[in-house]
Amino acid sequence: MSGSGFSVYVGNAPYQTTEQEMGDFFANAGEVTNVRIVLDRETGRPRGFAFVEFAEEAGANRAVEQFNGTDFNGRSLRVNLATR
């Protein structure tokens, strides 16, 4: 991921979720510039977490405030600012 944006870590993400669905969901907090669902190297299956990058720091902060603990496709999301 590029260091140009502001990222949040999304834990407990549903395994069947696409990057597009997650980006659309988080767009309610601000302009999403990148979504990366982390895949298992051996199986190629989602590992249940992702990183969502925002154009502005305020969007990332809003995402943490609005979506931490929120239900998304049947799973309660854990959303924190990503540290890199």
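This is a predicted model: local features need pLDDT of at least 70, side-chain atom pairs count only at pLDDT 80 or more; totals for chains, interfaces and linings use all residues.
**Exercise 1. Which secondary structure elements does the protein chain have, and in what order do they run from the N terminus?**

Step 1: Count the elements. The protein chain holds two helices and six strands.
Step 2: Starting at the N terminus, they run β-α-β-β-α-β-β-β.

**Exercise 2. What radius of gyration does the protein chain have, and what would a compact globule of 84 residues have?**

Step 1: Begin with the rule. For 84 residues, a compact globule would have a radius of gyration near 12 Å.
Step 2: Compare. The protein chain has 12 Å, which agrees.
Step 3: Along the principal axes, the C-alpha atoms fill a box of roughly 35 × 25 × 20 Å, and 38% of the 84 residues count as buried.

**Exercise 3. How are the rings of Tyr9 and Phe49 arranged, and how are those of Tyr9 and Phe51?**

Step 1: The structure holds seven aromatic pairs.
Step 2: Take Tyr9 and Phe49. Their ring centres lie 5.7 Å apart with planes at 35°, so this pair is tilted. Tyr9 sits in strand β1 and Phe49 in strand β3, 40 residues apart.
Step 3: Take Tyr9 and Phe51. Here the centres are 5.9 Å apart and the planes at 65°; an angle over 60 degrees counts as edge-to-face, so the pair is edge-to-face.
Step 4: Check the surroundings. Tyr9 is partly exposed at 24% relative accessibility, whereas Phe51 is buried at 12%.

Terms used
Residues are numbered from 1 along each chain as its sequence is written. Side-chain values use heavy atoms; hydrogens and water are left out. Helices (H or I, at least four residues) and strands (E, at least two) are DSSP runs, numbered from the N terminus. The radius of gyration is taken over C-alpha atoms; the globule rule is 2.2 Å times the number of residues to the power 0.38. Buried means under 20% relative accessible area, exposed over 50%, partly exposed in between (1.4 Å probe, protein chains only). Rings of Phe, Tyr and Trp (its six-membered ring) pair if their centres lie within 6.5 Å; planes under 30 degrees apart count as stacked, over 60 as edge-to-face and the rest as tilted.
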